[in-house]
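Subject: Structure handover and notes

Hello,

Here is the structure I said I would pass on. My notes on it follow below.

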Amino acid sequence: MKKSLFVLFSIVLITQAIYAQSKGIITGVIKDKFTQELLTGATILLEGTSFGAQSDLEGKFKIIGITPGSYNIKLQYLGYQQKTLFNVVVTSGNIQTFNIELEPEKFGLVEVVVQRRTFGKKTETPLSVQNLTAEEIKSNPGGNFDISRVIQALPGVGGNTGGGAFRNDILIRGGGPSENVFYIDGIEIPVINHFSTQGSSGGPQGILNVSFIEEVSLTTSSFKANVDNALSSVLSFKQRDGNSERIQGNVRLSASEFGLTLDGPISKKTTFLASARRSYLEFLFMALDLPIRPNYWDFQYKTTTKIDNKTVLTTLGVGAIDQFSFAVPKNSTPESEYVLLSNPIINQWNYTIGTTLKRRINNGFINVSASRNMFENRLDRFTDAKTKDENTRTLKLISQEIENKFRFDLNKFSGKWKYSYGGMFQYVKFNNEGFAVFRNPANGNNFNVPLNTNIEFFKYGIFGDVSRRVLADKLNISFGIRSDGNTFLNNGNKIWETLSPRLSASYALKSNLNINASVGRYYRLPGYTILGFKDSIGRFQNKDNKYIGVDHYVAGIEYLPTNTTRITLEGFYKQYFNYSISERDGISLANQGTEFGAIGNENISSSGKGQAYGFEVFLQQKLIKGFYTTLSYTFFYSQFSGANTKYVASAWDNRHLISAIAGYKFKKGWEVGLKHRYAGGNPYTPFEENRSRQNYLLTGTGTLDFSLLNTIRLGAFNQTDIRFDKKWNFKRITLDVFLDIQNVLRSKNPANPQYAFERTADNAGWATTDGQAIKTDGSNGIPKIIPNFNDTFLPTFGFIVEF
């Protein structure tokens, strides 16, 4: 008994000693946002504590001995706007490192009316901007550390609810999933999702490691001129630097994945970040009896080298290997089994590598970046995927997209003026190899359409921005212009046809109340699958296509009642022109891009039009007294024309989007978060009976009746997610155990119905109207429309160890 008490007493003492030493560290560098000059003597304070520091001669600061927990960090420097970093989680396992930029309060000798920029608004983009910190991404209920899924809770952002809500298609203010661009530390990255749809951007799982991320910025209008190809949004990821103190990292293990992240110093001037992740989703989905079997790896790295006090060299890389197939759930009907087995088998890999040199000059800085990205997509479809018999093959595609990019920009700050200019140059290669099988409706015979192509060409662009404050510095005005060209399209070198001016303004009625407006024209080159398409004798069919264009008109107000609260109201109107239309189906490609596989391998015309308009309301409460919340509502119309020039509701014309998130951080490392999303019903297109019969045995799905495009609507989408976290901090080790549950209320959400033929009761063959073997044209098959609902209850349990 005494021995047991002694052991227990010893354990208590050891545990208390470990917890007594479990302190956290925050480090960082503070710079001038416009000139990149290192700031000496800036004050850093942890709100509600006595902890703080001042930046040294190299702009660096370090705060040690911090009790683990969540803090708001206030940064102040004479002549600069105050900035607050919210919800910074300090642990004993990892050093928190920040690269912070402060914006000047005064221009020349004139003081400005200080506008609170807590929420990341910029002079060039005074509205339609939302920012997320790494902690907001990590703690997002139902997000499962997936950035693409997390941003679907922001205002104006929809998802592919008609496809079952398990994909990360990003649909912004009524635009299609191919209208967005993505940047990491200024390097464009074309693919941010595993199992991406070629010619679009969505997929079921994000690639990027949230452990790398310091901040995410989503801009849905008023794009800077140095960004090309954006029609609906620019999603920018700012990665943190590796810490310069020691080698550290974290291990994440859950039912869906295993990941390892490391960071630390390589030398006195160089730090690194590196990670690898392996998916276990196929085992989780098998246990939950879901039909998809995703399997992937992804990798990421970053190095930062401070060459001298004026020059920083950054390298980065992101890559993924994907294998995606379908399996038959245990409770599947024979008809559903055939539908699943006829979907394409997907094998993909992709990477982006890049380097950026940032050099500080007098009152500004220069950026020079070079990058390369490659995407390979292999698709195989069989009418019977069980055997994969070549005689049943209906699709074989091996496709590669390669881009080599160079960009230069100079950024200067002079008195009340701020301006930048630069250019970009790209060498592009795209090739396809394979074929698709179609059926001739006249005679019922199958025929092969070759998909072979190979193109190489150059893209180039020039851009400039200038901004100034006037009217006693209450009014910020920014003007930008851009023009792009290419050597492939027949009119690709007529850069005057792609002149894209943009103008934005922000007027401060009070220090916490702003009126904002912007107008701009933006262009995007059609996808490489469109550009590379050839006819049966090898002639390019789409060289007469034009850049897709859109005009944005946006106005709104922003009210900041406190330093932690933001309320915005914005109205928007987007008018599209030169939109891609399928000559085969007569519909706009704005309705496509959320399917697995690829889009655009067909004859395309640039005669389409579109419009999307509406308004959005957003309320955001940053962390205060342990509580944080966001609430948004968006109302919009989304319409595009086809070959008949008539406007029709697009496939993502939900009309209503509602999202609410709330979280509370308790004492002793406990945290709970709750999220609810609502979306009005997606429009969808019914099946055309005769063609569906003829094609079903070949395609495994029905043929849509595009004369009735999007004339039917699904029911509304509702989903509630919840997340629980508990952290334990020991000496240089932190354990975070989490439970993330998607669709905790088991809402039964409708998805697009499926077309099938009835099977016999023993699933040995097709049921027919005459009891005979089914005919190749399906004329004696028994059609069946299968309702499609998703009520998946998806729990993910896991832990993160920081060391």
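A residue is called buried when its relative accessible area is under 20%, exposed when that area is over 50%, and partly exposed in between. Asn229, at 13% relative accessibility, therefore counts as buried. Please keep in mind that this is a predicted model.

Backbone angles

Asn229 sits in the loop that runs between strand E17 (213-219) and strand E18 (233-239). Its phi is near 75 degrees, which is a positive value in a residue other than glycine. Most residues other than glycine have a negative phi.

Arg655 is another non-glycine residue with a positive phi, of about 75 degrees. Its place is the loop between strand E37 (647-649) and strand E38 (656-665). Is Arg655 buried or partly exposed? Its relative accessibility is 23%, so Arg655 counts as partly exposed.

A positive phi, near 75 degrees, is also found in Gly700, which follows helix H7. Helix H7 covers residues 689-699, and its buried residues are Ser692, Arg693, Asn695, Tyr696, Leu697 and Leu698.

Cavities

Rolling a probe the size of a water molecule over the atoms shows where empty space is left. How many cavities of 30 Å³ or more does a search of the whole structure find? The search gives 15.

The largest cavity holds about 650 Å³ of space. It is lined by 43 residues, and the closest to its centre are Gly199, Ser200, Glu401, Arg524 and Gly527. Several elements give two or more residues to this lining: strands E13 (180-184), E24 (345-361), E25 (364-382), E26 (393-414) and E34 (565-582), together with helix H6 (528-531). Sorted by class, the lining has 18 nonpolar, 17 polar and eight charged residues.

The second largest cavity has a volume of about 230 Å³. Of its 19 lining residues, Leu132, Glu136, Tyr628, Thr630 and Ile661 are the closest to the centre. Strand E6 (83-90), strand E35 (604-624) and strand E36 (627-641) each give two or more residues to the lining of this second cavity. Which of the elements gives the most? That is E35, with five residues. The lining of the second largest cavity is made up of ten nonpolar, seven polar and two charged residues.

Salt bridges

Side chains of opposite charge can pair when their charged atoms come close. Across the whole structure, 38 salt bridges are found.

In one of them, Glu570 pairs with Arg173, and the closest N and O atoms are 2.7 Å apart. Are Glu570 and Arg173 buried or exposed? Both are buried.

Glu558 and Arg566 also meet in a salt bridge, at 3.0 Å from N to O, and both of these residues are buried. Lys727 and Asp736 form a further salt bridge, in which the closest N and O atoms are 3.5 Å apart. Lys727 and Asp736 are both buried. There is also a network in which salt bridges with shared partners join Glu188, Glu403, Lys405 and Lys459.

Surface

Strand E31 (502-510) and strand E35 each supply at least two residues of the patch. Tyr507 belongs to strand E31. With a relative accessible area of 31%, Tyr507 is partly exposed.

Gly48 lies in the loop between strand E2 (43-46) and strand E3 (52-54). Its relative accessible area is 89%, so Gly48 is exposed. Gly48 and Leu262 are 214 residues apart along the chain, and their C-alpha atoms are separated by 31 Å.

Regards

Definitions and conventions
Residues are numbered from 1 along each chain as its sequence is written. This is a predicted model: local features need pLDDT of at least 70, side-chain atom pairs count only at pLDDT 80 or more; totals for chains, interfaces and linings use all residues. Side-chain values use heavy atoms; hydrogens and water are left out. On a 1 Å grid over the protein atoms alone, a cavity is a set of points where a 1.4 Å probe fits but cannot get out, and a pocket is an open set with protein on both sides within 12 Å along at least five of seven lines; lining residues have an atom within 4 Å of a point. Grid points are joined across faces, edges and corners, and a volume is the space filled by probe spheres set on the points. Helices (H or I, at least four residues) and strands (E, at least two) are DSSP runs, numbered from the N terminus. Ala, Val, Leu, Ile, Met, Phe, Trp, Tyr, Cys and Pro count as nonpolar, Asp, Glu, Lys and Arg as charged, and the others, Gly among them, as polar. Buried means under 20% relative accessible area, exposed over 50%, partly exposed in between (1.4 Å probe, protein chains only). A salt bridge is a side-chain nitrogen of Lys or Arg within 4 Å of a carboxyl oxygen of Asp or Glu.
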